[in-house]
Amino acid sequence: MKRWYLFPFSLGYHLVTGIRNTMYDLGILKSTKFKTPIINVGNLSVGGSGKSPMVMYLAQYLSKHYRTGVLSRGYGRLTKGYDITNYDSNYKTVGDEAMQLFERFKNRFVIAVSEERVPGAKKVIADMDLDVLVLDDALQHRAIKAGFNILMTDFNDPYFKDHLLPAGDLRESRAGSRRADIIMVSKCPDELTEETKQYYISRIRPSYKQKVFFSSIGYDENVYGREKMLPDNNLNYYDILLITGIANPKPLLEHLAKFSQRVKHLKFRDHHNFTDDDIKKIVAEYKKLGEYKLILTTEKDYVRLKTFDYLRDLVYYWPINVIIDKKEEFNQIILDYVRKN
């Protein structure tokens, strides 16, 4: 238990979320079902569990076969309502995650944002004539009934070892995992033994209808700036100022440590909207570094940091992808769901 002294409050939280889920299960609260296949990527806990890379993977893969869309709430944006990400969009209008997807893939698939998932899903499916829709972080948003649910759980902080808020980090009880069709253990170490996999499966205890997969983070061999790139094995020549505004920067720090030990890390909260004061702090820290230096950040943070004139030519980002164990089997399950529906 992470914050045992708050456990009494978790009992109240369990009561409220339990009643809500029961009302959806009994049909007292309405869940809208769609004819179009909908794949939801979510988790049980707050914080990063690898949802964004999985959404990216699914959208990229499915767009090779079907007219594909992604719908997120656009967390962190300064606007409200429904919007389609395009060349006029920025992180303030659609959020950093939607903007990150568009920056990498442009118009390969549709990227929409709406805090109201049901009307948002109806509109993007109808207006864009979609064959399949990927929902980002909507496992607890039960007003929309996805046909297929993928539950992400961090290898280093799996939901079966966690507790409900506020004592732990779970947004609902572990029983919520029963709604998943696939449980993806994310951010696994590169060398994962079969014994460790079986241990996680034994703790997850999947039903006969559920499949458990394992995935890890794959980093690009280059870091990228506005009009340039740098091979990762050249990072050891630089003093690096690392800027992160993500829930869990630990995997990035561990990977960066393979290339450089001269790293200064400035950590901001997830989806942080950088202010002029933040930029002044970043610049001050940057100037303290040696002659050969650079600013490194995540792909998601880059869409925000590059909007500041002073940083535009100084900051690099490190793209990531998800690497799925038994990828062919996973892909086939996803394709089979879409084809049947």
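Tutor: Gladly! Let's begin with a term: helices (H or I, at least four residues) and strands (E, at least two) are DSSP runs, numbered from the N terminus. Please keep in mind that this is a predicted model.

Student: Where does Asp-137 lie?

Tutor: Asp-137 is in the loop between β6 (132-136) and β7 (144-145). Its phi is positive, about 60°, although Asp-137 is not a glycine.

Student: Which residue other than glycine also has a positive phi, near 60°?

Tutor: His-271 has such a phi, near 60°. You will find His-271 in the loop between β14 (263-267) and α8 (276-287).

Student: Which peptide bond is cis?

Tutor: The bond from Leu-165 to Pro-166 is cis, with omega near 0°. Pro-166 belongs to the loop between β8 (148-154) and β9 (182-186).

Student: Which parts does the pair of Tyr-87 and Phe-102 tie together?

Tutor: Tyr-87 lies in the loop between β4 (83-84) and α3 (91-94), while Phe-102 lies in helix α4, so the pair links parts that are 15 residues apart in sequence. Tyr-87 has 58% relative accessibility, so it counts as exposed. Phe-102 has 3%, so it counts as buried.

Student: What are the distance of the centres and the angle of the planes for Tyr-159 and Phe-160?

Tutor: Their ring centres are 6.1 Å apart and their planes meet at 70°, so this pair is edge-to-face. Tyr-159 counts as buried at 5% relative accessibility, and Phe-160 is buried with a relative accessible area of 4%.

Student: Which residues form one aromatic cluster with Tyr-159 and Phe-160?

Tutor: Phe-155, Tyr-199 and Tyr-200 form one cluster with them. The charged end of Lys-293 sits over the ring of Tyr-286, 4.7 Å from the ring centre.

Student: What shows where empty space is left?

Tutor: The idea is to roll a probe the size of a water molecule over the atoms. A cavity is a place where the probe fits but cannot get out, whereas a pocket is open. This structure has 2 cavities of 30 Å³ or more.

Student: Which residues line the largest cavity?

Tutor: They are Ser-52, Val-55, Met-56, Glu-97, Gln-100, Leu-101 and Asp-136. Both α2 and α4 give two or more residues to this lining. The largest cavity has a volume of about 50 Å³, and its lining has 3 nonpolar, 2 polar and 2 charged residues.

Student: What volume does the second largest cavity have?

Tutor: About 30 Å³. Its lining includes Ser-72, Tyr-75, Glu-97 and His-271. The largest share of that lining, 3 residues, comes from α4.

Student: Which residues are closest to the centre of the largest pocket?

Tutor: First its volume: the largest pocket holds about 1000 Å³ of space. Of the 45 residues that line the pocket, Lys-51, Ser-52, Glu-97, Asp-270 and Lys-300 are the closest to its centre. By class, the lining divides into 16 nonpolar, 17 polar and 12 charged residues.

Student: Which domains supply at least three residues each to the lining of the largest pocket?

Tutor: Domain 1 (31-219 + 322-340) and domain 2 (222-318) do. Among the elements that supply at least two residues each are α2 (51-62), α4 (96-105), β15 (293-298) and α9 (299-305).

Note on methods
Residues numbered from 1 in each chain as written. Predicted model: local features only at pLDDT ≥ 70, side-chain atom pairs only at ≥ 80, totals over all residues. Heavy atoms only, no water. 1 Å grid on protein atoms, 1.4 Å probe; cavity = no way out; pocket = protein on both sides within 12 Å on 5 of 7 lines; lining within 4 Å. Points joined across faces, edges and corners; volume = space filled by probe spheres on them. Nonpolar A, V, L, I, M, F, W, Y, C, P; charged D, E, K, R; others polar. Domains from an automatic or database assignment. Buried < 20%, exposed > 50% of the residue type's maximum accessible area, 1.4 Å probe, protein only. Phe/Tyr/Trp six-rings, centres within 6.5 Å; stacked < 30°, edge-to-face > 60°. Lys NZ or Arg CZ within 6 Å of the ring centre and 35° of its normal.
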